[in-house]
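Hi there,

I am passing a structure over to you and would like you to have a look at it.

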Amino acid sequence: MEHAVVRRRGAAVVLLALLAIAPAALSQDLAEFEKRLMKFTLDNGLTFLVLERHEAPVVSFHTYADVGAVDEVKGITGMAHIFEHMAFKGTQTIGTKDYQAEAAVMARMDDLFLALKQEKRKGDLTDPEKLKKLQEQFDQAGQEAQKYIVHDEYEEALTQQGARGFNAYTSEDATQYIVGLPSNKLELWMMLEGDRFAHPVLREFYKEKDVIMEERRMMENQPTGRLYEEFQGIAYLAHPYGEGVIGHMSDLQTLTKPEAEAFFKAHYSPSNLTIAIVGDVDPAEVKRLAQKYFAGIPSGPKPEPVETEEPAQRGERRVTIEDAAQPVVLIGYHQPNVNHADYPALEVISQIVGVGRTSRLYKDLVKDKKIAVSANARADSSKYPSLFVFFAVPAKGHTNQECEQAVHTQIEKLKTEPVAPEELTKAKTRSRASLIRQLDSNSGLAAELTFYEVVTGDWRNLFQQLDKINQVTAADVQRVAQTYFTTKNRTVGCIETAAGASR
Amino acid sequence: MKNTMTAKIALVLISVAVLAGPGFGKATQSVSRASRPRSEGGTPATQNAQEPARAYQQLKYPKLADLQVPAVQRLTLPNGMQLFVLEDPELPLVHVSALIRTGSIYEPADKIGLADLTGTVMRTGGTTTKTGDQIDEQLEQIAASVETYIGDSSGGASMSVLKEDVDTGLAILAEVLMHPAFRQDKIDLAKISARSAIARRNDVPGRIAMREYAKLIYGADSVYARQAEYATIDSITRDDLVAFHRRYFHPNHTMLAVWGDFQASQIIAKIKEAFKDWPKAEVELPPVPKVTYEFRPTVNAVRKDDMNQGIIRLGHLGCLMNDPDYHALMVMNQILGGGFTSRLFKNVRSRQGLAYSVGGAYGADYDHPGLFALSCQTKLKSTVHATEAILAEVKKMTQEQVTDEELALAKDSYLNSFVFNFASKGQIINRLMTYAYYGYPADFLQKTKENVEKVTKADVLRVGKAHLRPDKMQILVVGRPDELDKPLSTLGEVKTIDVTIPAPKP
């Protein structure tokens, strides 16, 4: 869900031909790319994309797990993200002095946590003495587990060898693990990443949940974080995109380690992982080491996709939060997913309406009417149908209502008048240039390759998406606007400044 | 146009928030602990006899390919403009970035915001031959950009074009720098934006903390901390913008870096041509008040009633990047508050589960002392406890030597990741130009590396003692001071900071 924005960076390779605006040039770029890219899949189903780029003796690694918050069900929200955090806690051999002994203590902690939960559930009938005793036992087991832990070993092993950009992130659609290393450390990454997804140990699980609850509070302390959670929550009736990535506080509090382990087992089989390696590497060596360190991970079935479909909306939905913060308005319309035939036209619409100083929203709301300081729009390149969102930040002294009205007027214009040929050309030129600008970093390109491979089924769509955008006509834009930007398909979320809000 | 990401803010969650301060923030993440493999370039880590060697510690790494650092060509044009040139044929693009000797440090106290407005309207207000809107159209049709800005102690411009459009891009860039027209409509627009930013400045609590902390350390009126108000924005006129530009924008006060897909001789000729009518001028820069600082312990609170966490920021003044202790402080920072494996991250986040975001650095800046700022965001009921935990780590840095393992990890991490400083041509040329702009030697980075290699445990303790003042920390908490785990006064006498935004004149 995050790519449409984050993915405008990217990386790699000599692509002189891309410059030529003639569509024919595209196939040349792709051909050039194919020469440098090696794709292979291990017998257990794990796919690797390896792209040589020898600009500097460094390499970027990107592990894309095709699992995100969308794969959670009620009661375990936040789980995909929790697992992401746990994937830094080590394995059966890294991060421990004695795994067997440690595992026994951790199992005891799981039992005690369940007992605590059961006692707390009794509400008024909870026995405070029993609760206290259980808590003491739980804390004691936690301290005992500490004896076996070699703290932060996983992080340090990579950090010491020169890791850059070592991190991970979770979205509705995916969980992604990233790191850059000097290129001579290829084997270190292979060994550690292979072990990470073969034998992960969720040590310090209950402590890390505290960290994640603080992460949730940080989101709650941002006005746009508060608004987006409400907005997302009412936009979906059925589809899990309505639940935020971070998870509900009560789920975070009650989730157990065995539940996280079951989630891992269901969603982290090699068939659900795709890895891109971009930089100063020899693909044959990559293949040899991949075989050595990843082939032993047992294969498992590819998890079933989410089958719940968002039903057609029957009427506009709206949420207003009264807040200490200044006004902001979000206007969302259900849109199809990234692989739908209408998606390229939605991308073109977001370019024409919502990106840059010459976009319609900026010209109208910011430059001419001076009712907003920022106004944009964007299509969401998501795995399942999601939301096309318009976003406006009113100028001081102006209101959400004025901005919303102006956005609606612009949307009506899209539906009633064909866009000008110059606007269409400009959108296409900018899409092409934006692709070129994505090709200048190993890490960006690794992200792009995994996204297109997993979500669209072929990394080549990184280039072929431009063919589709080039084919979009003014009539397509008009038809797509009429199809999706309807009143009953709309969800609006606002922050309104509460009277007397403490500043 | 800044907020494309905002709508998605709740959707992507990242594992670590990096909280390094300025200056040192540019250094790598790194850190500590026992029995790590020895790296070929770094310091041997001692093997802890207690633990069996891990498989990854037995790996033999091939020698890293030699770093081919491309030479940046430097020259001065007849009008005094300094050029930095680097060919980069990988992608069909041409990029420019420029630095101009100006900054908000030169704006008068009753016109705070003048430099920022000038930097914005130079581009949006068009030139003597084209309106800003015409420039927008022209650039966006060719998917190009030309932008200008004025920061604290420098002005800047950038250009990025497909290589076939280099003439168009350079012509616009030159016009914008030499002949901005400062049309009134775009001044009005920039003022609307500035006033709206003032109205919104207390919406995001992290920004309140950063702003108020800088005011605590530098002083509310300091050029490095002061903020625009409705009154200062209202007092700025078009004449002020014209005069500010006229005073500071001259070729002999401009450095320009160009990199991309071109032949050096050709691009130099094009740049000469584009800027040939820009005459040299003598400029007398106004004096900039020196940063003066009196070490003192303070405790400060900003009330924000809608929060369920406290944002903590604490420390005191930092140093300059040319301080002789810079490299040892950099190593100290890695151990104290840098990245995933620092003491703060381990002890406050991983071991105690108190915060998602914790860290910081003893900061250094090029031309004025940076901020020593450590920060943490934690639930209200652990705010004072977390503050005490951070204070204890600072104190420890001044009392005990770091361990061999911590030192080795911090140094190895810096040295092994050094190669990433050369991962892109833009990084290489901009670093060189920035060093030149602030009067630092061209080999500053290389020298820093050599010095980091020599840092010992004794050095880290020495600079900890010399630079950190655990008894004179200034502490700021944004949140609900009455709802904390312990009274904030446990830490000292509390001063409440009123962040009410002064109303505009009717």
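**What I found**

Please keep in mind that this is a predicted model. I picked out two places to start.

Let's begin in chain A. Tyr343(A) belongs to helix α13, which covers residues 343–354 of chain A. Is Tyr343(A) buried or exposed? A residue is called buried once 20 or more other C-beta atoms lie within 10 Å of its own. Tyr343(A) has 22 C-beta neighbours inside 10 Å, so it counts as buried. Setting aside residues within four places in sequence, the contacts of Tyr343(A) are Pro336(A), Val338(A) and Ala379(A).

Now over to chain B. Here six strands make up an open sheet with mixed pairing, in the order β2-β3-β7-β4-β6-β5. At the edges stand β2 (73–76) and β5 (145–150) of chain B; each has a single partner strand, so one side of each is left without a neighbour in the sheet. On average, and ignoring direction, neighbouring strands of this sheet are turned by 15° against each other.

Within the sheet, β4 (residues 93–100) and β7 (residues 254–260) of chain B pair in the antiparallel sense, over seven bridges. If you want to find one residue pair there, take Ala98(B), whose bridge partner in β7(B) is Leu256(B).

Finally, helix α8 of chain B (residues 264–274) lies across β2, β3 (82–87) and β7 of that chain. Helix α8 of chain B runs at about 145° to β3(B).

Note on methods
Residues are numbered from 1 along each chain as its sequence is written. Chains are lettered from A and ligands numbered from 1 in the order in which they are written. This is a predicted model: local features need pLDDT of at least 70, side-chain atom pairs count only at pLDDT 80 or more; totals for chains, interfaces and linings use all residues. Helices (H or I, at least four residues) and strands (E, at least two) are DSSP runs, numbered from the N terminus. A residue is buried if 20 or more other C-beta atoms lie within 10 Å of its own, exposed if 12 or fewer, and partly exposed in between; C-beta atoms are placed from the backbone. Two residues are in contact if their C-beta atoms, placed from the backbone, lie within 7 Å. Two strands pair if DSSP finds at least two bridges between them. Axes are lines fitted to C-alpha atoms, for helices over the stretch in contact, and angles run from 0 to 180 degrees between N-to-C directions.
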